[in-house]
Amino acid sequence: MIKVKINGQEQNWDGDPDLPLLWFIRDEVGLTGTKFGCGQALCGSCTVIVDKQAVRACITSVSDVVGREVTTIEGLHPTGDHSVQKAWRQLNVPQCGFCQTGQIMQAAALLMDNPKPSHDQIREALSGNICRCGCYQRIENAVHLASTGV
Amino acid sequence: MNILTNPSKLRGFEKHIKVENVSRRSILKGLGLAGGFVLAAPVMMRPSFAYETGAGKMPHGVVVDPRVFVSIAPDGMVTIVAHRSEMGTGVRTSLPLIVAEELEADWKRVRVQQAHGDEVKFGNQDTDGSRSTRHHLIPMRQIGASARTMLEQAAAKRWGVPAAEVKAVNHEVVHSASRRKLGFGELAADAAKESVPSVEGLKLKDPKDFRYLGKGEISIVDLHDITTGRAEYGADVRLPGMKYAVIARPPVTGGNVASFDGAEAMKVSGVEKVMEVKGWPWPSKFQPLGGIAVIARNTGAAIKGRDALKVTWEDGANAKYDSVAYRAELEDAARKPGLVVRKEGDAEAALKGADKVIVGEYYLPHLAHVAMETPVAVADVKGDKVEVWAPVQSPGGTREDVAKTLGIPEENVTVNVTLLGGGFGRKSKCDFALEAALLSKELGAPVKVQWTREDDIRNGFLHTVSVERIEAGLDKSGKVIAWRHRSVAPSIASTFAAGTVHQAPFELGMGLVDMPFEIANIQCENPEAAAHTRIGWFRSVSNIPRAFAVQSMVAEIAQATNRDPKDMLLELIGAPRILNLASVKDLWNYGEPYDSYPIDTGRLRKVVELVADKGGWGRQVPKGHGLGIAAHRSFVSYIATIVEVAVDDKGKLTVPRVDTAIDCGAYVNPERIQSQIEGAAIMGMSLAKHGEITFTNGRVQQGNYDDFPVIRIDESPAVTNVYIVPPASPDTPPSGVGEPGVPPFAPALINAIFAATGKRIRAMPIGKQLEA
């Protein structure tokens with residue numbers, strides 16, 4: 001039996017310890033805000049924060065996060081009002097919206113590490129997150145806005 | 001007067017393909033196209049409106065009935081049904097917003113409810129072809145105005161005053177003379193008893209009184225849910241007892257399972273079953289390809305189980321499909337005469353007599369949609385009934401196909417439409433929902449079928465592959481006197497009919513036969529090309545290769561004659577006029593009547609001039625930078641784009657700035673138009689820089705975002721500016737927005753690269769071609 005902590009709640013898992021964290025979160029725990037996009041850490045749709053690091057849940061095993069704090073989009077802020085989330089809404093960033101939770105988690109992790117990133121640093125930090133709709137201009141501006149106060 | 005009737009069961013594209021071969025539904029054969037079974041659809045356009053659209057010709061037409069789309073609770077909360085699929089265009093907000101505008105509802109007290117798939121009830125639901133606003137602006141206004149009128153009538157009766165004396169204003173009905181007012185909630189029950197007013201008598205709002213339309217101040221209804229992870233996409237549906245499935249499908253289109261061994265897969269923790277899924281022979285339309293399904297307690301286990309499967313495939317007729325050889329075949333065909341699909345003057349003779357002939361041969365490979373959300377669906381079959389949850393662009397078509405596939409009546413099928421994590425045409429095909437339905441029936445349990453990214457890329461419905469060859473003949477003064485364009489590409493119709501070798505009218509009409517230049521001798525040809533994989537609609541469809549070729553050619557002619565590319569473009573577009581394409585048989589005008597949506601070169605000129613002005617055409621740019629321009633009409637909208645590119649000495653390209661002007665007629669939400677155009681620049685840049693799916697031995701060689709890259713934020717344009725042409729009048733017909741932004745981007749970029757480097761790229765993608 002493995003115990004992992006997701007959004008402050010302990011979860012038990014008695015199945016395959018190598019199960020990708022993504023599928024544990026989505027299918028076993030039932031938190032569906034974390035998305036599947038590629039399964040190979042190429043697109044960032046499944047980004048969660050483990051301790052203070054942005055992590056791709058699709059290539060992270062459940063056993064890898066034992067004893068660590070996993071935060072998904074559902075746990076980012078109790079009312080959904082993290083500065084990144086507010087900036088996202090203020091600038092009407094999403095189109096289809098599917099990749100956006102991963103983008104937001106990546107941006108939130110960036111701001112924990114670097115509260116005032118430059119535009120180049122934003123582009124670099126978010127270059128692992130693909131948006132096929134092409135919301136990049138607004139993503140960049142929203143991260144900047146979040147860093148300067150919404 | 002435009003009483004739109006409905007050729008039953010006919011989906012938009014089918015009448016442009018040989019129906020005896022390709023009808024999606026066998027029922028068509030019995031009915032015939034002209035329709036012995038024509039429904040009088042409850043539809044009428046308001047006669048005083050200046051234009052008609054093709055909406056009534058869509059399957060099941062348009063339903064204009066406030067009782068279907070609007071409900072009002074006693075507390076005043078207004079519910080408006082969104083019957084189109086949301087895939088990022090904002091339509092789930094825009095169409096209800098139109099209703100709310102005419103209803104005089106306060107948007108803060110409106111909730112949007114997604115329609116399930118039911119075209120008899122809601123009218124056509126195929127969310128494709130950039131049609132939602134252009135087909136529904138007027139019907140949604142009529143629905144809102146009908147509901148408003150019913151509320152006003154109910155209030156007038158309550159007060160015993162003439163209806164003409166009362167007026168709905170911001171969620172209330174007001175009688176000014178007596179200073180009385182009643183909220184919508186207080187009137188809802190009485191209003192529901194009023195008869196629905198006739199469409200002809202409806203009084204629509206004066207556009208100058210619009211509160212929401214054209215303003216762009218309303219955010220999409222799903223914004224909060226999207227940013228908090230609560231928005232529900234296809235894979236987010238969870239049912240009690242649901243099983244998770246992934247499927248190993250034939251690697252070659254038209255292939256089958258020869259044998260399989262699931263013993264190792266069954267040993268994987270969490271795997272519960274390995275079973276065969278029925279496939280359909282090629283061309284399989286929207287039916288599943290078949291294969292071996294692995295059923296598990298979660299998706300991760302199913303994927304791991306599939307990795308452990310041993311399957312031997314029978315590859316079938318397309319086993320030798322090879323992209324290098326196929327390109328040579330297409331080039332060969334493009335260099336010989338083909339089926340003439342447009343002829344004005346005598347291009348052959350004019351080319352022979354020309355002072356100079358410029359030849360451009362352009363290649364665009366297959367492309368995959370790679371929407372962030374891969375195909376996924378949940379189905380729950382119970383006896384002879386089934387409920388489906390899926391991110392589909394065509395809920396009505398999905399319902400029909402599920403019914404047919406399971407052999408049950410359509411009434412027994414419920415299709416719930418989730419949000420779509422991108423669509424781009426891929427999710428117009430419901431094969432994934434059919435797979436879920438078949439598996440659920442077999443297992444007697446709800447099943448989710450999840451496609452992996454590799455499945456999406458290797459078993460999709462790809463954008464066609466094409467060679468576009470243009471020969472332009474110039475006289476001594478440099479004037480273009482002849483234009484011959486041969487377009488060779490396997491047709492989407494090949495997915496429906498074996499033996500298809502020519503493009504369908506709806507493909508020929510996307511940038512080939514509708515080419516708007518003022519040239520005396522024009523010939524368009526379509527040599528034969530057979531398909532060896534499933535070809536499908538991809539955002540903007542055939543406009544992508546055609547705009548690439550035609551707009552590259554304009555710049556090539558400009559260069560050969562030492563003229564400014566923008567001036568050359570305007571010279572070729574010629575005088576402002578309505579194009580007469582009488583020589584084109586079955587001209588496809590995006591399904592729209594030509595009177596309402598003619599090819600108007602004045603509007604095309606205007607977007608070129610606007611973007612040149614706002615985008616600073618001709619401005620000084622740093623060394624290594626270049627400006628390129630392209631313009632294209634598609635989905636009955638007019639677009640022009642200027643790209644500034646920077647190419648460094650290692651051949652690495654960046655895009656400091658994009659400017660796009662769009663004329664899409666009357667519009668609803670300029671903020672979402674802007675987002676669509678910003679996104680179109682990214683998609684255009686993705687296909688130009690990286691987009692290529694190749695085949696070897698019938699198998700797709702790519703599988704994920706590493707070998708089929710798309711643009712990431714660090715290579716995206718620094719800024720995309722969007723200029724929207726205000727409609728000439730409120731009655732200017734609305735036109736497409738979702739797709740038209742893509743086609744001009746790639747040629748503008750290619751032309752900019754030429755300006756920056758002197759290198760002319762004629763084969764997509766750019767890839768490493770700029771590296772020394």
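This passage walks through a predicted model of two chains, from overall confidence to single residues.

The structure is a predicted model, in which local features need pLDDT of at least 70, side-chain atom pairs count only at pLDDT 80 or more, and totals for chains, interfaces and linings use all residues. Residues are numbered from 1 along each chain as its sequence is written, while chains are lettered from A and ligands numbered from 1 in the order in which they are written.

The model scores ipTM 0.99 and pTM 0.95. Two residues are in contact here if their C-beta atoms, placed from the backbone, lie within 7 Å.

The two chains meet through 47 residues of chain A and 50 residues of chain B. On the chain A side, the elements that give two or more residues are α1 (21-29), α2 (83-90), α3 (100-113), α4 (119-125) and α5 (136-148). Such labels come from DSSP runs numbered from the N terminus, with helices (H or I) of at least four residues and strands (E) of at least two. With 4 residues, α5(A) gives the most to this side. By class, the side of chain A that touches chain B holds 20 nonpolar, 18 polar and 9 charged residues. In this scheme Ala, Val, Leu, Ile, Met, Phe, Trp, Tyr, Cys and Pro count as nonpolar, Asp, Glu, Lys and Arg as charged, and the others, Gly among them, as polar.

Helix packing within chain A comes next. The axes of α3(A) and α5(A) come within 11 Å and cross at roughly 40°; axes are lines fitted to C-alpha atoms, for helices over the stretch in contact, and angles run from 0 to 180 degrees between N-to-C directions. The two helices α3(A) and α5(A) are therefore oblique to each other, given that angles under 35 degrees count as roughly parallel, over 145 as roughly antiparallel, 65 to 115 as roughly perpendicular and the rest as oblique. The crossing of α3(A) with α5(A) is right-handed: a crossing is right-handed if the near helix is turned clockwise from the far one by less than a right angle, and left-handed if anticlockwise. A:Gln103, A:Ala107, A:Leu110 and A:Leu111 of α3(A) make the contact with A:Ile139, A:Val143, A:Ala146 and A:Ser147 of α5(A). These residues divide into 6 nonpolar, 2 polar and no charged.

Helices α13 (residues 395-406) and α14 (residues 431-443) of chain B pack at an angle of about 35°, with their axes 10 Å apart, and α13(B) passes α14(B) in a right-handed crossing. The contact of α13(B) with α14(B) has 6 nonpolar, 2 polar and 2 charged residues. For α4 (residues 91-103) and α6 (residues 132-159) of chain B, the axes come within 7 Å and cross at roughly 35°. This crossing of α4(B) with α6(B) is right-handed.

In helix α10 (residues 299-307) of chain B, 8 of the 9 residues are buried. A residue is buried if 20 or more other C-beta atoms lie within 10 Å of its own, exposed if 12 or fewer, and partly exposed in between, with C-beta atoms placed from the backbone. The cover over α10(B) includes α1 of chain A, together with elements of chain B, among them β9 (243-248) and β19 (447-450).

In chain A, A:Val48 sits in strand β3 (residues 47-50) and is buried, with 30 other C-beta atoms within 10 Å. A:Val48 lies 22 residues from A:Val70 in sequence, and their C-alpha atoms are 6.9 Å apart in space. In chain B, B:Thr641 belongs to strand β24 (residues 637-647) and is buried, with 35 other C-beta atoms within 10 Å.

Cis peptide bonds join B:Trp282 to B:Pro283, with omega about 0°, and B:Met764 to B:Pro765, with omega near -5°. B:Pro283 is in the loop between β11 and β12 of chain B. B:Ser540 is not a glycine, yet has a positive phi of about 80°; B:Ser540 lies in the loop between β22 (521-526) and α17 (543-560) of chain B.
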